[in-house]
Amino acid sequence: MSGMRATRASQTRARLIAAGRALFAEQGFAAASTEQILVQAGTTRGGLYHHFTDKADLFAAVCEELHAEADLAITAAVAAAAGRGADAFATLAAGCDAWLDHMSTHEVRRILVIEAPTVVGWERWNAQDHRHGFDQLRAGIRAAQIEGRLPAIPTDDLAILLNGAMNYAVMMAREPDTAAQLTRTKVALHAVLAALRTQAESTPLPAPPS
């Protein structure tokens, strides 16, 4: 019986996240009412508050799911690049491209980049960002530095710079041309990375501080 209850509870939680995700993407956090979420999820307020403290807590769970999906997209792109024999620099670029592609969808961009910092608060949003894409970005930069493909400047500083630039590019992209604008962002990002690679290879330095 307890196993059945746990299964039902898990299913209810998943339906709430799916309903919230759809409505937050379509209407935005403020406009999507709790009642709409409950109707779409097929549950009650008791079901909602069993899993989440309030609508904002549900929104945070949706953000966590979207971050996890971004992680999977980056991991798949990095694995594919490595499988083709790409060096750490090319693998880093592939991971950045995958992140930008993932963020170019209306759903992800609106929820995760535009609304999340305000709804869940900067500290919570930043913590989610660091647990997911940022840590992969930092690892990719570090690997490229060790191979001598990027300058030996502090890894965290370069990761913060690139992460901030990509987040801002996604935030500033405007529909209906989001994908085209982010394609141009990828071109610009590749140019910046190529310039850094040229600098690193022309003036080799010791391994960077971690």
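**Figure 1. The protein chain splits into domain 1 (1–52) and domain 2 (55–196).** These bounds come from an automatic or database domain assignment. Keep in mind that this is a predicted model: local features need pLDDT of at least 70, side-chain atom pairs count only at pLDDT 80 or more, and totals for chains, interfaces and linings use all residues. Residues are numbered from 1 along each chain as its sequence is written, and side-chain values use heavy atoms, with hydrogens and water left out. How many helices and strands are there in the protein chain? You'll find nine helices and zero strands, counting helices as DSSP runs (H or I) of at least four residues and strands as runs (E) of at least two, numbered from the N terminus. Along the principal axes, the C-alpha atoms fill a box of roughly 65 × 40 × 30 Å.

**Figure 2. Here is where domain 1 and domain 2 meet.** Their C-alpha centres lie 28 Å apart. Domain 1 puts 18 residues into the contact and domain 2 puts in 16, where contact means heavy atoms within 4.5 Å. About 1500 Å² is buried between the two domains, with carbon and sulfur atoms giving 64% of that. Buried area is the accessible area (1.4 Å probe) that two parts lose on being put together, summed over both. On the domain 1 side, Arg21, Phe24 and Phe29 lose the most area to domain 2, together 48% of what that side buries.

**Figure 3. Polar links also run between domain 1 and domain 2.** There are 10 residue pairs in polar contact between them, both residues at pLDDT 80 or more. A polar contact is a pair of N or O atoms within 3.5 Å; within protein, one must be able to donate a hydrogen and the other to accept it, and residues adjacent in sequence count only if both atoms are side-chain atoms. Helix 1 (2–27), helix 2 (34–41) and helix 3 (45–51) each give two or more residues to the side of domain 1 that touches domain 2. Helix 1 has the largest share of that side, with nine residues.

**Figure 4. Zoom in on arginine 21, which forms a salt bridge with glutamate 107.** The closest N and O atoms of arginine 21 and glutamate 107 are 2.6 Å apart. A salt bridge here is a side-chain nitrogen of Lys or Arg within 4 Å of a carboxyl oxygen of Asp or Glu. Three salt bridges are counted between domain 1 and domain 2. Arginine 21 also forms one with glutamate 69, at 2.8 Å between the closest N and O atoms. Arginine 21 lies in helix 1 and glutamate 69 in helix 4, so this pair ties together parts that are 48 residues apart in sequence.

**Figure 5. Follow helix 4 (residues 55–83) from end to end.** Its 29 residues reach 42 Å from first C-alpha to last, close to the 42 Å expected at 1.5 Å a residue. That expected span is 1.5 Å times one less than the number of residues. What caps the N-terminal end of helix 4? Aspartate 54 does, with a side-chain oxygen 3.2 Å from the backbone nitrogen of alanine 56. Just after helix 4, glycine 85 takes a positive phi of about 85°.

**Figure 6. Aspartate 87 sits in the loop between helix 4 and helix 5 (88–103).** Its side chain reaches the backbone nitrogen of phenylalanine 89 at 3.2 Å. Leaving out residues up to four places away in sequence, aspartate 87 touches Glu147, Arg149 and Arg197. Aspartate 87 and arginine 149 are 62 residues apart in sequence, and their C-alpha atoms are 9.0 Å apart in space.
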